[in-house]
Each structure stands twice: as C-alpha cells, then as structure tokens.
Amino acid sequence: MLTVIEFVAFTVFVAILSAYKTRDEKLDTEEGYFVAGHSLPGIVIAGSLMMTNLSAEQLVGTNGQAFSGSMATMAWEATSAFALIILAFVLLPRFLKGNIATIPQFYKMRYDEATKNMFSIMFLFAYVVTMLPTILYSGSVALEKIFGIQELFGISYFAAIAIVCVATGLIGMAYSVFGGLKAVAYSDTINGVGLLIGGFMVPVLGFVALGQLDGGGFLEGIKHFATATPEKMNAWSAPNAMAPYIPWPLLFTGMFVNNMFYWSTNQSIIQRSLGAKNLAEAQKGAIWAGFFKCLDVFVIVIPGVIAYQLMQGGVLTVGSGAKFDGDAAYPMLVMHVMPKPLMGFFAAVMFGAILSSFNSVLNSSSTIFSLDIWKPIWGKNADAKKVVKVGQVFGLVFGILGIIISPFIMYFGSGIMNFINQCWGLFSMPILCAVLFGMLNKKVSPLAPKIGVPVHIILYAIGYFTVFNKMHYLYWVFVCFVVQCIIYFAVAKFAPAKEEFEMPNVPQIEMTPWKTGKIWATAGVLVVVVMYIIFSPLVLG
C-alpha cells in the first residue's frame, strides 16, 4: 500500500506543477502549442532532451545490453556529446535563423513539397511502429515487476503488460494532447530531477550489494565492480564484435553518424531546442544535455554490469532456467536492492521516464502531421485554433495506435534496444543526409533525396537479410551513409539545383550565440575521452 501511495503522490505532484507552470500559455496558437511560444530556457531544454531520450526503454534496454555485453554499451550515451555539439554550433543557428518548427518544414524550404511529404510520412511511420510501442512496452516490463500485476490479478503476463501499456499511454496522451510542448518540457524537467535521485540510487545500492559479497560495504563494492569482471570493464570491443557489444571502429563511423541522426535531425528530440527563447539558450540546452548523457552511464549502463556480477555471485536470478534475458536484468536489480519504503517513489520516477518519452514523441508526431501534412493539403485557410485542434485529434489517434501495438513488442527478439536501433536504421541515413547536404551544400537539388530514400531502403533491407548476422549492423548503417553521400555529391555535380539555396533570415528570437559555449563543449569532449581511458585496457579493462 505504501508503494501505491508514494507512486500516486509523486505522479500527481508532477501533473499539478506542470499545469501551474503552463497556466497562462496560449495553447490555441500554433507557436504556443507546438514550440512552447519560444520560451524555453537552456536548463529546461537540457532536462527535456535527457528525459525524452532517457526513458524506460533506455533503463531496461541499455542496461540489458550492458548485462549481456560490456561497458562498450556506454557508446550509446557518452558519444552523444559529439552530435549535440554539432547540433549546437552547426545546425541550430541555421534552423533558428530560418524560423524552422519541424524538420519536414526544412525539407520543403530546401527541396520541395514532395520531399517534405515523403520524409513526414517516414517520421510518422517510425514513431507509431517503433518509438511509441517500445517506450510503453519497456516501461511496462519494469512496472509490472515492481507492482506484481500478474500475480496480483491472477492474469497472464501479456495481459499484465497490456494493462500497464494502456494506463501509461492514456496519461501520456493527456500531457501531450492537452498541454502542448511546454507542458511536456516542464513535466520532463520535474521528472528528470526525480530520475536523477532514483536513477543514481540503483547503482549506489548496487555497489553496497556487491560489497556484501566480499563482507564489506559501498567502497568494497566499488572495488568488486572494478576488478571482478575485467572483461566487462573494457569499452573497446574487438572490430568483429557483434551486438550488444560496440566494436571500437564504430565509434568513428556507424555510431557517430547514428548519433548525428538521432540528436541533430530527429524531430522528437530537437523540437525542444526549436522552442528556445534565444539561440544562446538553445545552445546551452544542447551542450548541457551532452554532459547529462555522460552521467547517464551511471544510470543505464553500470547497473547492467552490477546485475551481471550479482548474478555471478549467486544473489540475483535474472530470467528463467539456464537462459538469461538481458532486458529483465534492470527490473530484477531494482527489486533486489531498492528498499521497500522507496519502491513507490522509484516506480513513480520510472513512470515519469516513460511519460516523458511517450508524450514527447506524441507531441512531435502531432506537430509534423498538423503543420506539414494536414495544413498544406486540407487546411490552407484554417485558423490557428483549427490547426491545434487537428493536432490534438491526431495525437489521440496516434497514441491509441501506439498503445494497441505496444504489448506485442514482447514477441520481437534481440532485445529492446537492438530492435529500436535496427528499425530506425531503415530511415536514419536519408533523414540525416537530407539535412546535412541541404544545410551545407547549396547546389543539391530535390532529385537527391528522391533517389536516396528508395536506394537506402533497398540497400538496408539487403543488409538486414544478408550481413546482419555476420557483422555489427552499425557497420552497414555507415555503408548506407557513404552511399547516400555519393548520391548527393553526384546530384550536386550532374543535376544541380537551378538556383543556389540560401536559408531565409527570419528569426523570431535573439540570435546572439552563447559566449562561453565552445569552452563548455571542449570540456564535454574531454570528459568523454577520460571515460574511454578509464574503461580501457590501460586502466580497468
């Protein structure tokens, strides 16, 4: 009962505070609803970026990868700092200069209407098939174990997961559909504080549990963590390693371009930055988010290794029988180390992490559909209230579809994070290259993305059915990126645009850059380098 009371209390607190912070917002205008009225400060952007990314699929899935693999999994977190630096200093000044609200909007501005529609549909398909269902499912895996729903109601595991997916999805839809981007961003930030507290409690308590294996406490646990399984401490995996390991050449190839796509061109991520009150705050948000991603290693990688070591010590059972399920490692670790009086608070934090990603993706989906598909085709003369209303209705439909699909994710093998990343590979490189070449090459014509998209889909599908079981899939992602670059360079040379593109200079906010931004960016790079030295054969590996 205490668990339920704590859970409800913290969840209601977040809802009330988010509503209070957005009480005066003009949510019946496109700017107020979709880009928060250009009012977000840097710390809110950074917190929302972190919470949009750091959801249950990360807590469950990435820790599951670390459990099955090694500290090499931290590449998904730490190396994100490089992509966020590029976002801050290369792309955001251009996006905000052109008053861009969505990535598809840029595609229309840079290429043509057909290109915008093509990418809009790709974004929406990826969101409804991949992101929304996996966010709900992975969170349900953890919450089902915390509350013991299957045993409590005497129902099947599928039914228990479905119940949690429906409940979480409906509450997430309420935030996104009726609160707009600012409600999403503020609830993300509040939940982020809770997640920092609850998330860091898990490895701390995990170290204590490890220390108990050797008759000691916290410090003995850190020593055990660092020395008991040196193969797990090495973040530099062999070039031929397979997922969930990250081969070290991928840090400079496939992983780099994958992070570039996710952090610099993924609408559900960068929409927070596009809602900044000025360029400096947008850059602060991106750079600070890079630091948060380095801290994430302690929350969504190290617990997976701790779970493995506790299992080796015979005090933690993960999965069933002789075959262990990596995605079950984090929920089982939480159940083992978290004090019962705090379980309700942690469940609320987990719930907030699920909501933050779910409603962020849902808000971005509504934005793309309303501004990039419905308004240009059916709502050319519609007023702002009508556009917002369409976005809300579409958000409801989209959310319901995500809820319906989510329980069935349990039947997809390879782990949650591998499933997500492999699905995104079908779209990621065309989206990335269309932005990069559109920004940095004035001669590329609309022919390039029209050739690039079908070529990529065919090429990626060939790789999926032929080489994914022979080499890490991110190698193939990089091959696809190189092919896309060749296509864009060829089109720019042999079929260039009739007129060279110039980004419109119509900013709606102050465009003075962050004065000390490059110093902070350099510090972020040094943090990543130090981390990779520590988790290498030179030190712990």
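Val529, Val530, Ile533, Ile534, Leu538 and Val539 together make a nonpolar surface patch of about 530 Å². A patch here takes residues with over 30% relative accessible area and no salt bridge, joining nonpolar side chains (Val, Leu, Ile, Met, Phe, Trp, Tyr) within 5 Å and like charges within 9 Å. The areas come from the Shrake-Rupley method with a 1.4 Å probe, and for residues only the protein chains shown count as cover.

Val529 sits in helix α24 (residues 517-534). Helices (H or I, at least four residues) and strands (E, at least two) are DSSP runs, numbered from the N terminus. With 41% relative accessibility, Val529 counts as partly exposed; the scale runs from buried (under 20% relative accessible area) through partly exposed (in between) to exposed (over 50%), using a 1.4 Å probe and protein chains only.

## What kind of model this is

This is a predicted model, where local features need pLDDT of at least 70, side-chain atom pairs count only at pLDDT 80 or more, and totals for chains, interfaces and linings use all residues. Residues are numbered from 1 along each chain as its sequence is written, and side-chain values use heavy atoms, with hydrogens and water left out.

## Aromatic pairs

Rings of Phe, Tyr and Trp (its six-membered ring) are called a pair if their centres lie within 6.5 Å; planes under 30 degrees apart are stacked, over 60 edge-to-face, and the rest tilted. That rule gives 30 aromatic pairs. Take Phe261 and Trp424: their ring centres are 5.1 Å apart and their planes meet at 50°, so this pair is tilted. It ties together distant parts of the chain, with Phe261 in helix α13 (residues 254-264) and Trp424 in helix α20 (residues 416-424), 163 residues apart. Phe261 and Trp424 are both buried. Then there's Tyr262 with Trp263, whose ring centres are 5.2 Å apart with planes at 75°, so that pair is edge-to-face. Tyr262 is buried at 14% relative accessibility, and Trp263 is buried at 1%.

Phe261 and Trp424 also belong to a cluster linked by ring pairs, along with Phe123, Phe125, Tyr127 and Phe427. Tyr127 is in helix α8 (residues 113-147) and is buried, at 0% relative accessibility. Its C-alpha atom is 9.9 Å from that of Phe358, although Tyr127 and Phe358 are 231 residues apart along the chain.

## Charges over rings

A charge sits over a ring if NZ of Lys or CZ of Arg is within 6 Å of the ring centre and within 35 degrees of the ring normal. Arg110 puts its charged end over the ring of Tyr111, 5.2 Å from the centre. Lys493 lies over the face of Phe494, and here the distance to the ring centre is 5.8 Å.

## Salt bridges

Side chains of opposite charge can pair when their charged atoms come close. The cut-off for a salt bridge is a side-chain nitrogen of Lys or Arg within 4 Å of a carboxyl oxygen of Asp or Glu, and the whole structure has 7 of them. One of these joins Glu77 to Lys293, with the closest N and O atoms 2.4 Å apart. Glu77 is in helix α5 (residues 75-78) and Lys293 in helix α15 (residues 279-300), so the bridge links parts of the chain 216 residues apart. Glu77 is buried at 1% relative accessibility, and Lys293 is buried with a relative accessible area of 1%.

Lys293 also bridges to Asp296, the closest N and O atoms being 3.1 Å apart. Those two are 3 residues apart in helix α15, so about one helical turn separates them. Asp296 is buried, as is Lys293. Through shared partners, Glu77, Lys293 and Asp296 end up in one salt-bridge network. Glu113 and Lys108 form another bridge, with the closest N and O atoms 3.3 Å apart. Here Glu113 is partly exposed at 28% relative accessibility, and Lys108 is partly exposed at 40%.

Searching the whole structure for disulfides (cysteine sulfur atoms within 2.5 Å) turns up 0. The sulfur of Cys433 has its closest cysteine sulfur in Cys485, but at 4.3 Å that is too far for a bond. Cys433 is buried at 1% relative accessibility, while Cys485 is buried with a relative accessible area of 13%.
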